[in-house]
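Reader: Hi! I've got a structure to look through today. Could you walk me through it?

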Amino acid sequence: MFSKKKIAYFSFFIPLITTITIILMLILNTQKNIQENIMIANDETNIKTELRFISSWGGVDPYADTLSFILNKFQEENKDIMVVNESLFGDDFLIKLQTDFASGNSPDVFGLFPGSVRDILIKNNKVAELTDVLKSDRKWYEGFYPNMWKYVMWNGKIYGLPFETIVECLFVNKDIFEKYHLKVPQNFTQLKDVSKKLRAKGIIPIAFNAQPEGTYIYQNLVVAIGTKQEVENPLKGHKISPSYIKALDYLKELYKIGAFPDNYYTLTSKQRNDLFLSKKAAMIVQGSWFIPKCDPKTVDIYFFPQVISGGKRQLIYGLGGGTFYMSASCWKDPKKRDAAIRLLKYLTSEKTARIFVERTGLIPNVKITNPPKITNPLRAKAEGLIKDAEVLVSPPDHFIDRTIWDEVVTKNIPYVLNDKITPEQFWAKAILAWEENMKKLGE
């Protein structure tokens, strides 16, 4: 039996112990909540803004490694941003880019050459307008050479950043020409003559394929035949400019004498390039971005041969895939917009331009103080071609609906070469598809 004193003792201390226990539990729980809140705050601080980036500088592209290097450097200097590089090489790039935009999965920042695909994206309000952002940072805006702004403007507003300048020309394996004592062709007659001699020696004269990149030779024929006005304004009424039709006749002449690989219609763009790089083909029509792939000891570059006697020396010249944009969806997200602007400034900075010039020979449209010495003679010669050209013309595929160029123009060239359709029928088919596509887009 408990005594009355003991009962009174326990009656006093039990509530006290209970109270103290409750207080301790409250203190511990409060500390736990504080620790959890600190952890959550730290996690939020460590969350990175993710930017999806895509360009044609992926895979085996000559600029792919340098782009990866630049993006890694950007992330090192911007710890709060993560760039997901989805760049692809060749024809796959454009398919993915268009699919992403069509499916509502648009990239945040992307590289794209001027042309119909870019124009449609701007018309459909898929691309952010950058005029005010650029002009509010005078150093950034004035860091570009002004003659290229016109290629990235729409209705007087700036949408893209013109970082990379390109030219297209004739690449020649000069060691093959020296071996067989051949002269580099200066006109179309000489091009046919040297092609016949090379074919007789078992050498493929010109690396060519039925893919969009393979059409560079066709585009150069168009430019060599037509005036700048004709080339850059190809469609009048329901008819294509005559130079686009005549160029197919010249292309067919080359095909008939065996100037192209026998299996040209099955070759990928990489296989076409490899024919030239492995010395199985003597010539290829390519762009200045191809220079890093070539050995300047055995390769040289020239103007594409003249086709019209007495014609002016014309050169395909413009902006390449290193023309950068921000998507409209990215712009609408303030956090992503800030990150994307930082990325665009980095991609088009003098520092980045210098790295690309030193590592790849890229021709930048960004001013570089004390430019690095160009060690690759092909790169220096490309600039010489620009200076020596009498007329600079933008690539023809910039003025034709790009979907039509890839799906109709490119794929139907073999039918012209094999006399299945005439050049006139070829372009009638392309124009019909083009006009139907414009109706779908509501243009």
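Author: Happy to! Let's start at the largest pocket: helix α4 gives the most to its lining, with five residues. Helices here are DSSP runs of H or I with at least four residues, strands are runs of E with at least two, and both are numbered from the N terminus.

Reader: Before we go on, what sort of model is this?

Author: This is a predicted model, in which local features need pLDDT of at least 70 and side-chain atom pairs count only at pLDDT 80 or more, while totals for chains, interfaces and linings use all residues. Residues are numbered from 1 along each chain as its sequence is written, and side-chain values use heavy atoms, with hydrogens and water left out.

Reader: Good. How much space lies in the largest pocket?

Author: About 460 Å³. Of the 24 residues lining that pocket, Gly115, Ser116, Asp119, His398 and Phe399 are the closest to its centre. Two or more lining residues come from each of α4 (116-123), β4 (153-154), β13 (314-319) and α18 (423-440).

Reader: And what counts as a pocket?

Author: On a 1 Å grid over the protein atoms alone, a pocket is an open set of points with protein on both sides within 12 Å along at least five of seven lines, where a cavity is instead a set where a 1.4 Å probe fits but cannot get out; lining residues have an atom within 4 Å of a point. Points are joined across faces, edges and corners, and the volume is the space filled by probe spheres set on them.

Reader: Switching topic: how many disulfides are there?

Author: Zero, taking a disulfide as a pair of cysteine sulfur atoms within 2.5 Å. The sulfur of Cys169 has its closest cysteine sulfur in Cys294, at 9.4 Å, which is too far for a bond.

Reader: Is Cys169 buried or exposed?

Author: Buried, because its relative accessibility is 1%. The cut-offs are under 20% relative accessible area for buried, over 50% for exposed and partly exposed in between, with a 1.4 Å probe and protein chains only. Cys330 is buried too, at 0%.

Reader: What about the sheet: what is the strand order?

Author: The order is β2-β1-β3-β14-β6, in an open sheet of five strands with mixed pairing. β2 (81-85) and β6 (161-162) stand at the edges with a single partner strand each, so one side of each has no neighbour in the sheet. Two strands pair if DSSP finds at least two bridges between them.

Reader: How many bridges join β1 to β3?

Author: Two, and those strands, β1 (residues 49-54) and β3 (residues 109-111), run parallel. Phe53 has Val109 as its bridge partner in β3.

Reader: Which helix lies across β1 and β2?

Author: That's α2 (residues 64-77), running at about 165 degrees to β2. Axes are lines fitted to C-alpha atoms, for helices over the stretch in contact, and angles run from 0 to 180 degrees between N-to-C directions. Lys73 lies in α2 and counts as partly exposed at 31% relative accessibility. Its C-alpha is 10.0 Å from that of Thr352, 279 residues apart along the chain.

Reader: Thr352, where does that sit, and which residues around there are buried?

Author: Thr352 is in helix α15 (residues 350-360), where Thr352, Ala353, Ile355, Phe356, Val357 and Thr360 are buried. Their cover includes α2, α14 (334-347), β15 (363-364) and α16 (377-388). Just after α15, Gly361 takes a positive phi of about 85 degrees.

Reader: Which non-glycine residues have a positive phi?

Author: Asn155, at about 50 degrees, is one of them, and Asp419, at about 60 degrees, is another. Asn155 is in the loop between β4 and β5 (157-158) and is exposed at 72% relative accessibility. Asp419 sits in the loop between α17 (402-417) and α18, and is partly exposed at 46%.

Reader: Last one: what is Val133 in contact with?

Author: Leaving aside neighbours within four places in sequence, Val133 is in contact (heavy atoms within 4.5 Å) with Trp140, Trp331 and Ile341. Val133 lies in helix α5 (residues 131-135) and counts as buried at 17% relative accessibility. The C-alpha atoms of Val133 and Ile341 are separated by 8.4 Å, though 208 residues apart along the chain.
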